[in-house]
Structures are given as C-alpha cells and as structure tokens.
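Dear colleague,

A short account of the findings follows it.

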Amino acid sequence: MKNPINSSIVSDKSTIKKFQQLKKRLGKLMLTGKFYALSLKKQHQLVRRFNRSYSQLNKITQGSLATGLTSIILASAPNEGLQAQTFTKEGTNLFGVTVAPTQFVDFDNDGDLDFFVTTPSTGETQFFRNTGTPTAPSFVQEGGTNPFGITAVVHQKMVFHDIDGDGDVDAFRTFNTTENIEFLRNTGGAFTSEITGKPFGLEVLGGLFDVGELTFADIDGDGDLDAFVGSKSTFTSDFLDFFRNTGSVTNPVFVKETSPAGFPSSGQPNFADVDGDGDLDVFLNNFNNSADDKFLWNTGSATSSNFVDAGSELFGLPDELNVFGDLDNDGYSDAFNGTMFYRNPKINAPASAPSAPIPTLSQWGIMILGLLIMILGVFYIRTKEFLLVEKR
C-alpha cells in the first residue's frame with residue numbers, strides 16, 4: 001500500500017519540476033523573440049499551460065514561489081509580456097474616411113498622411129486631405145472628382161510617389177488595354193503626362209488579362225524607390241516582377257532583377273512596417289483567390305531584405321483589399337479595409353530573434369523581489385518536506 005505522505009511529497013516535487021521546465025521554456029522563447037513566431041493558437045496554448053501550472057504551484061507554496069518566478073519571467077520578457085498579436089478593429093467611417101482608400105501618401109508634404117481613391121471601373125480619382133495631425137487625422141475631400149489635372153481613363157489604376165526626389169508626389173498609371181505604363185509628373189500641384197510606354201525602364205511583362213499592378217518601395221534601403229510590377233496573362237495565371245532602381249533619388253533607372261529572398265513570383269504586394277522594426281513587411285493580395293492572401297515578415301533589415309511566409313495568419317485583418325498607413329504616427333502601420341479601421345497594437349516581429357533587452361531599473365527591482373519571494377517559497381517547501389518526513 002502506498003504511503004500517502006510519500007505520495008504527497010512526490011506529487012509536490014513533480015508539480016514544481018513541471019512548472020520550472022515550462023517557465024524555462026516560455027522564458028527562453030520570449031527572450032529570444034521566438035515566442036512571437038508561433039501561431040496565435042500555439043501562443044494561447046502555452047499561456048494556458050503556464051496558467052494551469054501556476055495555479056497548481058500556488059496551492060503548494062501559498063503563492064510565494066509561483067509569484068516569484070512569474071515576476072522574474074515577466075520582468076525579463078521583451079515587449080511588455082504576452083502582447084496580443086492581432087490588429088484591433090475600431091470602427092467604420094473614422095477620421096472622415098467615408099470611402100475606401102486605395103493609397104495613403106503625404107501629398108502636401110506637411111508630415112501627415114493624405115489619401116487617394118482610384119476606381120478602375122470608372123477611371124475616376126478622388127483626393128482626401130488630412131486637415132488634422134500626424135497622430136489625430138481628419139480627412140476632407142478636395143478637388144471633386146479627378147483633381148489636379150488627372151483625366152479619367154476606364155480600367156486603369158494609379159499609384160502616387162515622389163519618383164524624382166523634388167519633394168512633391170508624382171503619379172503612374174497602368175491599364176488593361178495596353179502594356180504601356182504612363183508617368184505623370186507633378187508640376188506645381190498639377191499632374192502632366194510625360195511618358196507613356198516604359199518610363200524609366202518599367203514595363204508590364206506578364207500579360208493584360210487585368211489591369212497591371214505597380215507598387216513602389218525602397219526595398220534595399222538606399223534612399224530611392226524600387227518597383228514591383230504585377231500582371232495577369234489568364235484568369236488563373238499571374239506574375240510579379242521586381243525592378244531595382246539602379247539610378248538615384250532624382251534620376252530613377254529601373255532594371256529587372258531576381259526578387260528579394262523569400263519574395264513570391266505572383267500576387268499584389270502592399271508594403272508596410274507592421275512590426276515597427278524599421279524595415280518593410282508585406283501583405284500579399286492573391287489575384288486569383290483572396291483566401292490565399294498572406295503576410296510576409298521581413299526578417300532581414302532595411303538594406304538586406306529576407307521575407308518569411310507567416311502562413312495562414314493574417315493577425316486579425318480581412319483576407320483582401322487592406323490598405324496600410326501609420327495613422328497615429330507610432331512607427332507601426334495601421335490598416336483600412338474598405339472604410340473599416342484596424343489599429344496596429346504594436347505587433348511584435350515573430351521570425352527574427354532579437355537580442356535580449358537590458359532590464360530597466362524597475363525591471364531589476366521586480367526581478368530581485370521575485371527572486372526573494374522564490375527563495376522564501378523554496379524554504380517553505382523544504383520545511384514542509386522535513387515536517388512530512390518527521391511525521392513518518
């Protein structure tokens with residue numbers, strides 16, 4: 001027959017050992033950043049296991065050991081502990097956004113984001129100026145339909161960027177009736193068509209089943225804009241070509257090259273610094289099936305990109321037509337889907353392994369206090385074991 005006292009001691013030791021193993025594993029995952037590379041489901045499972053183990057240990061030590069170890073873990077963990085990895089859905093028609101933005105850009109160069117709306121089916125363009133601030137936007141439509149000298153062209157798409165480095169925003173237009181790309185230079189607040197064909201070396205290579213997609217981003221961190229050109233040859237066949245800017249900020253020259261490491265060969269990329277680490281991540285819209293939309297985390301750097309597929313995890317966003325912009329100026333890109341606003345709660349980079357941060361004075365205080373509480377808990381357990389053995 002089993003001795004109930006011995007069984008109690010064995011059970012207590014087993015509970016402590018399991019908690020210590022889980023604590024070590026969870027602490028290591030968080031300190032290296034690998035915790036945030038796990039799926040939300042896996043993160044939640046680990047947290048639930050930790051909570052169950054915490055409750056069991058709390059019963060044994062009257063709360064002392066578990067509290068001490070928990071203090072140490074949370075004080076040393078980066079990014080303020082177990083932060084939610086989802087965009088926060090805040091509401092529709094916020095900040096005066098009553099129509100779906102297609103691109104955020106600081107058009108008037110005043111330090112906050114304005115936005116454009118282009119409608120391919122009608123060829124119409126609308127502009128909404130931010131009359132608020134970089135942290136509290138307020139958008140008001142200006143110029144009616146097709147402002148700044150823009151003409152309507154049915155089945156076209158427009159993108160807006162300062163391609164010549166003169167401080168104002170220029171425009172590019174793609175079509176579904178020709179492989180040409182049109183460049184419109186901003187001359188004193190009005191757009192003037194200058195080049196139609198292959199401006200600066202850009203071209204649509206895959207076909208014209210649908211309107212070409214043109215996306216600009218400084219993918220190599222050299223200060224000038226590179227480009228991705230998307231196209232479709234059939235309903236189910238699409239292409240994405242990368243053009244590096246080998247010229248300069250003021251004199252762009254685009255040359256087709258192999259895409260950056262981990263970058264797909266199809267889809268429509270939307271670049272945004274989702275994790276606030278200074279390099280560009282990607283939300284990839286799939287031309288053929290929105291269910292295949294995905295995030296690509298940039299685990300490299302601003303000058304040497306390396307993209308990692310986040311799988312099916314969209315971090316709380318819908319699976320298509322997301323438009324990104326840092327609307328609260330906190331360094332993390334927020335999103336609009338239609339007129340619904342999704343705030344970025346400072347999502348952590350999951351794929352890279354950042355070095356462990358140096359604890360602040362308050363964190364050191366919590367860790368030392370936790371260590372003292374843990375010592376008291378160990379003393380309590382040893383005393384309990386001694387008394388139990390004496391009773392035998």
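**Salt bridges and aromatic pairs**

Arg185 forms a salt bridge with Glu194, with 2.9 Å between the closest N and O atoms; the term denotes a side-chain nitrogen of Lys or Arg within 4 Å of a carboxyl oxygen of Asp or Glu. This is a predicted model, in which local features need pLDDT of at least 70 and side-chain atom pairs count only at pLDDT 80 or more, while totals for chains, interfaces and linings use all residues. Residues are numbered from 1 along each chain as its sequence is written, and side-chain values use heavy atoms, with hydrogens and water left out.

Glu194 is partly exposed at 41% relative accessibility (buried means under 20% relative accessible area, exposed over 50%, partly exposed in between, with a 1.4 Å probe and protein chains only). Arg185 also forms a salt bridge with Asp164, at 2.6 Å between the closest N and O atoms. Asp164 is buried, with 10% relative accessibility. By the stated rule, the count is 13 salt bridges.

Turning to the rings, the whole structure holds 33 aromatic pairs. Rings of Phe, Tyr and Trp (its six-membered ring) pair if their centres lie within 6.5 Å; planes under 30 degrees apart are stacked, over 60 edge-to-face and the rest tilted. Phe95 and Phe341 make an edge-to-face pair, 5.1 Å centre to centre with 80 degrees between the planes. Phe95 is partly exposed at 24%, whereas Phe341 is buried at 0%. Both residues belong to one aromatic cluster, whose members include Phe104 and Phe336.
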